[in-house]
Amino acid sequence: MTARRRSRLVLAAQKCFLEYFVAGTSARSAAEIIGVNRNTAILFYRKLWEIIAGHNAPEEKIEVDESHFGGYRKD
């Protein structure tokens, strides 16, 4: 078992991040709303994704949407 490092974010901010994460809000938007650095929000979101991925069994398949945002399509 690995030791988990405690977050420096206050519990209220962590709960807000979790709510925004579940609602599908981007990390950058959540950071602006909560009032923290965007890199902090990105790191927190990444940790949430790692926790979710860690609970999936290796045999399970996860479907990923292949959406493309921004730019233009090169044919």
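Let me begin with Glu 19, which lies in helix α1, where helices are DSSP runs of H or I with at least four residues, numbered from the N terminus. At 57% relative accessibility, Glu 19 counts as exposed; the cut-offs here are under 20% relative accessible area for buried, over 50% for exposed and partly exposed in between, with a 1.4 Å probe and protein chains only. The C-alpha atom of Glu 19 is separated by 9.5 Å from that of Ala 30, a residue 11 positions apart from it along the chain.

Before going further, a word on the model. What you see is a predicted model, in which local features need pLDDT of at least 70 and side-chain atom pairs count only at pLDDT 80 or more, while totals for chains, interfaces and linings use all residues. Residues are numbered from 1 along each chain as its sequence is written, and side-chain values use heavy atoms, with hydrogens and water left out. The average pLDDT of the chain, that is, the predictor's confidence in each residue on a scale from 0 to 100, is 78, and 65% of the residues score at least 70. Among the elements of the chain, the lowest mean pLDDT, 87, belongs to α3, and the highest, 92, to α2. Where pLDDT is low, the predicted coordinates should not be read in detail.

Now to α2, which spans residues 27–34. Its residues Ala 27, Ala 30 and Ala 31 are buried, and because they cover an arc of only 100° around the axis, they sit on the same side of α2; the arc is that of the directions from the helix axis to the C-beta atoms. On the other side of α2, Glu 32 and Ile 33 are exposed. The cover over the buried residues of α2 includes α1 and α3, with contact taken as heavy atoms within 4.5 Å. After α2 comes Gly 35, whose phi is positive, near 90°.

At the start of α3, a side-chain oxygen of Asn 37 comes to within 2.7 Å of the backbone nitrogen of Asn 39. Helix α3 itself has 18 residues and reaches 26 Å from its first C-alpha to its last, close to the 26 Å expected at 1.5 Å a residue, where the expected span is 1.5 Å times one less than the number of residues. Which residues of α3 are buried? They are Ala 41, Phe 44, Tyr 45 and Leu 48, and seen down the axis of α3 they fall within an arc of 100°, so they line one face of the helix. These buried residues pack against α1 and α2.

That brings me to the aromatic rings. A search of the whole structure finds four aromatic pairs, with rings of Phe, Tyr and Trp (its six-membered ring) paired if their centres lie within 6.5 Å, and planes under 30 degrees apart counted as stacked, over 60 as edge-to-face and the rest as tilted. The rings of Phe 17 and Tyr 45 have centres 6.3 Å apart and planes at 85°, so this pair is edge-to-face. Since Phe 17 lies in α1 (residues 11–23) and Tyr 45 in α3 (residues 38–55), the pair ties together parts that are 28 residues apart in sequence, and both residues are buried.

For Phe 21 and Trp 49, the centres are 5.4 Å apart and the planes at 70°, so that pair is edge-to-face too. It links distant parts of the chain, with Phe 21 in α1 and Trp 49 in α3, 28 residues apart. Phe 21 is buried, with a relative accessible area of 15%, whereas Trp 49 is exposed at 53%. Finally, Phe 17, Phe 21, Phe 44, Tyr 45 and Trp 49 form one aromatic cluster.

Terms used
Helices (H or I, at least four residues) and strands (E, at least two) are DSSP runs, numbered from the N terminus. A polar contact is a pair of N or O atoms within 3.5 Å; within protein, one must be able to donate a hydrogen and the other to accept it, and residues adjacent in sequence count only if both atoms are side-chain atoms.
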